[in-house]
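Okay, thanks for coming, everyone. Let me put the model up on the screen, and then I'll walk you through it.

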Amino acid sequence: MALLLCSACSGAAANPSIEGESASKVTSTGATLEAQINPGDAPDGVYYQFQIGKNLGEHFTEIVCPPEPTSGPSHPCVGTHSTGALPITFVAAASGSSSVSLDLTGTDSTLQPGTSYQYRVLVAKAIQSEDTTEWEVPAVIGDIQTFTTPSAAPPSIEGKSASKITPTGATLEAQINPGDAPDGIYYQFQIVRNPGEYAAEIVCPPEPASGPFHPCIGDHLPGALPIGFIPAGSELSAVSLDLSGAGVTLQPGTTYHYRVVVAPAVLTEDATEWESPAIDGPDQIFTTPPQPSPTGEPDPQAGGTAPTLTALVAVPPVHRHHRRHHRRHHHRKHDRRSPRS
């Protein structure tokens, strides 16, 4: 008697499936990858992994172990480890269709502005284990999806003013937007008597004689004012510099030119460094009032005394090119101690 096999009658096992893929919250340097995953009848659940690259040739054909964490509890991943691999995540057995996502800004994958990316998700049946991450091959591979990051918004200088003007001092002010600079921006006020004396870039001020500080990468000049910092993700920020507190003494009855320059910061552990070229704010002007005489009247000789300005940026143009070292697969986060403005 012949034995007839009926897969429909016996209930064939349902393989894991990927039911939807999308990208959301796309910015110039990040995105969130999403998918709908059904573990099917996988008895021990499934592992899944997103993959992203600029072209198909950069995708792995299987799930790949990410680098092992350097500390803390972890489940060793059984397989090839690659610095380019994104995290592996688990969906429990019999959980039905599950919405899963990965915020790339929380990983070592920093995207580039104005760039097209291709991504997909891989799913494989988990192998039951108490203390390892292991799966069965081959993996189920989702369809290729694409998205394009928008171009990065550059830093901008949206407001400039001078206040608290006295015969020998003033406070310089500005409204600065760091734009999409991934590591924030540095800014520096410049004040001169003639616009031709402006430095072409941010210039390192003299190093302090004592105390902790972040070394500034570049030429150090005695006329340079302090460098300030605005973190990434900040919106329009009001910044100011009291010239008296910065060691600058103005001359009474004198006209001054000033501006602010900004540049994207370069991520570094213990230095102040930025990318060139800097963005220059427009030239602004103010005039200090004459120094009053002891009788309370303006001193007619105030404008004829010797200059007392001690820290003007009056230097030849400085051309420095600070290049970012892109870390494609490894992006350390550091605790930055920013220069005070």
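This is a predicted model: local features need pLDDT of at least 70, side-chain atom pairs count only at pLDDT 80 or more; totals for chains, interfaces and linings use all residues.

One definition before we start: a residue is buried when its relative accessible area is under 20%, exposed when it is over 50%, and partly exposed in between, using a 1.4 Å probe and the protein chains only. With that in hand, 41% of the 341 residues of the protein count as buried.

Residues are numbered from 1 along each chain as its sequence is written, and side-chain values use heavy atoms, with hydrogens and water left out.

So what is the protein built from? There are 16 strands and 1 helix. If we take contacts between residues at least 6 apart in sequence, 73% of them join residues at least 24 apart; contact means heavy atoms within 4.5 Å.

Let's begin with the sheet that holds E1. Its 3 strands come in the order E1-E2-E5, the sheet is open, and the pairing is antiparallel. Two strands pair if DSSP finds at least two bridges between them. The edges are E1 (17-24) and E5 (98-103), each pairing on one side only. On average, neighbouring strands in this sheet are turned by 20° against each other, direction ignored; the axes are lines fitted to C-alpha atoms, and angles run from 0 to 180 degrees between N-to-C directions. Strand E2, residues 32-38, pairs with E5 over 6 bridges, and one detail there is that Glu 34 has Ser 101 in E5 as its bridge partner.

Is Thr 105 buried or exposed, or partly exposed? Thr 105 has a relative accessible area of 45%, so it counts as partly exposed. Its side chain makes a polar contact of 2.6 Å with the side chain of Asp 103. A polar contact is a pair of N or O atoms within 3.5 Å; within protein, one must be able to donate a hydrogen and the other to accept it, and residues adjacent in sequence count only if both atoms are side-chain atoms.

Next, the other open sheet, E9-E10-E13, with 3 strands and antiparallel pairing. Here the edge strands are E9 (156-163) and E13. E9 and E10 are joined by 7 bridges, and Ser 163 stands opposite Thr 171 in E10. Thr 171 is at 9% relative accessibility, so it counts as buried. Setting aside neighbours within four places in sequence, the contacts of Thr 171 include Ser 161, Lys 164 and Asp 242.

On to the inside. Which residues have the most contacts inside the largest nonpolar core? That core has 22 residues, and the ones with the most contacts are Ile 176, Tyr 187, Phe 189, Ile 191, Leu 243, Leu 250 and Phe 286. A nonpolar core is a set of buried Ala, Val, Leu, Ile, Met, Phe, Trp, Tyr and Cys residues joined through side-chain atoms within 4.5 Å. Strands E10 (171-177), E11 (185-192), E13 (237-242) and E14 (255-264) each supply at least two residues of the core. There is also a second, separate core of 21 residues, including Ile 18, Tyr 48, Phe 50 and Leu 102.

E11 deserves a moment. All 8 of its 8 residues are buried, with Ile 185, Tyr 187, Phe 189 and Ile 191 on one side and Tyr 186, Gln 188, Gln 190 and Val 192 on the other. E11 pairs antiparallel with strand E12 (residues 227-230) over 4 bridges, and 8 bridges join E11 to E14, also antiparallel. Gln 190 stands opposite Arg 259 in E14.

Lys 25, in the loop between E1 and E2, has a positive phi near 50°.
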